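Biologist: I have a structure open and would like to learn how to read its features. Could you walk me through it?

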Amino acid sequence: MQRGFLLILSGPSGAGKNTVLDAVLKRCPDVVYSVSATTRPRRPMEVEGRDYFFLTREEFESRIAAGEFLEWAEFCGNYYGTPLTFVHESLARGEVVVMDIDIQGARQVREKMPEAILVFLLPPTMAELEKRLRGRSSDSNAAIERRLETALEELKAGVEYDYVILNDEVERAAAKLEAIITAERCRVGRSEYFQLVKDIVGEQGVMRQDDESAAH
Ligand code: ADP
Ligand code: 5GP
């Protein structure tokens, strides 16, 4: 079995994280999406349990106290957090888990799970970011202004990530994210390398464990 891994997608609100992830998830049935919990009000098109688990502040705080989140943060006045159990169970099944979380959350995950892959999604321009936020027509004017201000700080943090993708065109950005997943899957460390070799050459031809260490 291949070893699963965690891939975090961050970027300013409105950059297109959900849109690009949706495109990738449609094409990759063995990639799973980690649904976050939030105290933000549900947007008209959003579905409980698919887009988020919508909680009150009291419910969220009691889950923090119970240690139910892998990470959590406050973003533009609302709590957001990643339920721990889903991530652990999916990784144990060897799945690739993708999540859309902010830079504070990504830093916490990197601290706890340094092998996580961090990808940053950029909008082409600030004017286009504003256009996308307004075009989504799901947040108040004040919320959009706050997200645009926050974006300037978030853009600086992108340098801490492993990969950067410019979301000029959805299909192009999705193809790049898929390519990153494919490359990460091919890492020797994520495969049962000597099982693969055994499949190729049979039992006798397999290097012993000592040879394996000597080879490194
Ligand atoms: P995020 O998840 O980063 O907050 P969304 O995926 O909700 O952003 O995208 C914000 C808006 O921008 C949506 O209305 C979406 O359809 C649009 N959008 C996303 N990517 C592109 C793109 N490459 N070109 C044009 N519009 C886009
Ligand atoms: P939105 O309200 O637009 O859905 O998300 C706002 C921000 O919260 C985005 O930057 C998104 O990446 C982030 N976010 C969503 N879920 C989580 C989460 O579970 N943890 C953290 N830290 N951030 C999240």
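Biologist: Let's start on the surface. Which residues form a nonpolar patch there?

Modeller: Keep in mind that this is a predicted model. The patch consists of Val188, Tyr193 and Leu196, which together have about 290 Å² of accessible area.

Biologist: Now the whole chain. How many helices and strands are there?

Modeller: The chain has 9 helices and 9 strands. Its C-alpha atoms fill a box of roughly 70 × 40 × 30 Å along the principal axes. The chain has 216 residues, and 44% of them count as buried.

Biologist: On to the aromatic rings. How is a pair of them described?

Modeller: You need two values: the distance of the ring centres and the angle of the planes. In this chain the count comes to 8 aromatic pairs.

Biologist: Why is the pair of Phe60 and Tyr79 called stacked?

Modeller: Their ring centres are 4.9 Å apart and their planes are at 10°; planes under 30 degrees apart count as stacked, so that is the label for this pair. Phe60 sits in helix α2 (residues 57–65) and Tyr79 in strand β6 (residues 78–83), so the pair ties together parts that are 19 residues apart in sequence.

Biologist: Are these two residues buried or exposed?

Modeller: Phe60 has 0% relative accessibility and counts as buried. Tyr79, at 9%, counts as buried too.

Biologist: What about Phe120 and Tyr161: what kind of pair do they form?

Modeller: Here the ring centres are 5.1 Å apart and the planes are at 70°, so the pair is edge-to-face. The pair links distant parts of the chain, 41 residues apart: Phe120 is in strand β8 (residues 117–122), while Tyr161 is in the loop between α6 (141–157) and β9 (163–166). Phe120 is buried at a relative accessible area of 1%, and Tyr161, at 10%, also counts as buried.

Biologist: Which residues form an aromatic cluster?

Modeller: One cluster is made of Tyr52, Phe54, Phe75 and Tyr80. Let's take Tyr52 as our example from that cluster. Tyr52 lies in strand β4 and is buried, with a relative accessible area of 13%.

Biologist: One more arginine, please. Where does Arg43 lie, and what does its side chain contact?

Modeller: Arg43 is in the loop between β3 (36–38) and β4 (52–54). A polar contact of 3.2 Å joins its side chain to that of Asp139.

Biologist: Why does Arg43 count as buried?

Modeller: The cut-off for buried is under 20% relative accessible area, and Arg43 has 11%, so Arg43 counts as buried.

Note on methods
Residues numbered from 1 in each chain as written. Chains lettered and ligands numbered in written order. Predicted model: local features only at pLDDT ≥ 70, side-chain atom pairs only at ≥ 80, totals over all residues. Heavy atoms only, no water. Phe/Tyr/Trp six-rings, centres within 6.5 Å; stacked < 30°, edge-to-face > 60°. Helix = DSSP H or I, 4+ residues; strand = E, 2+ residues; numbered from the N terminus. Buried < 20%, exposed > 50% of the residue type's maximum accessible area, 1.4 Å probe, protein only. Patch = residues over 30% accessible without salt bridge, like charges linked within 9 Å, V, L, I, M, F, W, Y side chains within 5 Å. Areas by Shrake-Rupley, 256 points an atom, 1.4 Å probe, with all protein chains shown as cover. Salt bridge = Lys/Arg side-chain N within 4 Å of Asp/Glu carboxyl O. Polar contact = N/O pair within 3.5 Å; in protein donor to acceptor, adjacent residues only side chain to side chain.
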